[in-house]
Amino acid sequence: MGAAVSVAAVVPAAGSGTRLGAGAPKAFVPLGGVPIVVRAVDGLLASGAVDEVLVAVPADLLDHARALLAGRPVTVLVGGGARTASVRLALDVLSGPHGCERPGGPAGDGPPEVVLVHDAARPLTPPALVAAVVAEVRAGHPAVVPALPLADTVKRVGVAAAVEATVDRSELRAAQTPQGFAWETLRAAYGKSGVDAVATDDAGLVERLGAPVVTVPGDPAAFKVTTPWDLRIAELLLEEKA
Ligand code: C5P
């Protein structure tokens, strides 16, 4: 057991990823030969701003994930039935004394100062974006979200595919991850929301708490791999980099 870790990242990777249709949970689908979750974790660590990573995976892939992530300052745990549940379980681990699966790696006596939550499904997130989010939290913002303006016009659509309204695009942003938080802020947000609370991102729970959430410029490369199209784009981007 060592001193408290100052920046920890939680990576929910326990989704089934049925929209990807790749025959394996999305986080474990290979991208350029390397599983998506491994790329996401390595991107976090490459930022130099993250001390420790907790990865929530499906129960039947626990040992496989441990083997894939061996040698890194990573703790692997079993996730829950929804993204929110997976993050909550990881925060519970971070709250108390916990070890690290890398012998001699950082171990937390207690919670970190800053916690990031980063979708496993964003494998090409630039390390510089990770560092920028951590820097903003360290600068005093309790909740920080990378966000991008929308290119398309947005319609609200009701029954029978009928358009109900055109939403003012200039006010809208697409929220990405990693999202960064002062530990107490995210803990309080999860503490206040019930165990069955559903949110598609973590900042959403902080907003319900009434705490301020700020945005930093997102990066197109931090896009979420959801569909076979996204996976193809990710493969092409990797080929271009090689
Ligand atoms: O399904 P979606 O792409 O929105 O999932 C976002 C992230 O949350 C993914 O990395 C996925 O693996 C994770 N997740 C999870 N536990 C669940 C459902 C999703 O960790 N039960």
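Aspartate 201 caps the N-terminal end of helix α6 (residues 202–209), with a side-chain oxygen 2.9 Å from the backbone nitrogen of glycine 204. That is a polar contact, meaning a pair of N or O atoms within 3.5 Å; within protein, one must be able to donate a hydrogen and the other to accept it, and residues adjacent in sequence count only if both atoms are side-chain atoms. Please keep in mind that this is a predicted model, where local features need pLDDT of at least 70, side-chain atom pairs count only at pLDDT 80 or more, and totals for chains, interfaces and linings use all residues. Residues are numbered from 1 along each chain as its sequence is written, and side-chain values use heavy atoms, with hydrogens and water left out.

**Helix α6**
- Helices (H or I, at least four residues) and strands (E, at least two) are DSSP runs, numbered from the N terminus.
- Asp202, Ala203, Gly204, Leu205 and Val206 are the buried residues of α6; buried means under 20% relative accessible area, exposed over 50%, and partly exposed in between (1.4 Å probe, protein chains only).
- These buried residues pack against α3 (83–95), β6, β7, β11 and α5 (183–192), where contact means heavy atoms within 4.5 Å.

**Strands around β11**
- Strand β11 (residues 179–182) pairs with strand β6 (residues 114–117) in the antiparallel sense over four bridges; two strands pair if DSSP finds at least two bridges between them.
- Within that topic, leucine 116 has glycine 180 of β11 as its bridge partner.
- Strand β7 (residues 143–149) also pairs with β11 in the antiparallel sense, over two bridges, and alanine 143 stands opposite phenylalanine 181 in β11.

**Helix α7**
- In α7 (residues 228–241), the residues Asp230, Leu231, Ala234 and Leu238 are buried.
- They cover an arc of only 100 degrees around the axis (taken from the directions from the helix axis to the C-beta atoms), which puts them on the same side of α7.
- The buried residues of α7 pack against β2 (30–31) and α1 (36–46).
- Pro228, Trp229, Glu239 and Glu240 are exposed, on the face turned away from the buried side of α7.

**Ligand surroundings**
- The ligand is surrounded by 15 residues, each with a heavy atom within 4 Å of it; the closest are Pro12, Ala14, Lys26, Ser86 and Lys224.
- A polar backbone atom of alanine 13 is 3.2 Å from a ligand oxygen atom.
- Arginine 19 places a polar side-chain atom 3.2 Å from an oxygen atom of the ligand.
- A ligand nitrogen atom is 3.2 Å from a polar backbone atom of alanine 82.

Notes. Expected span 1.5 Å × (residues − 1).
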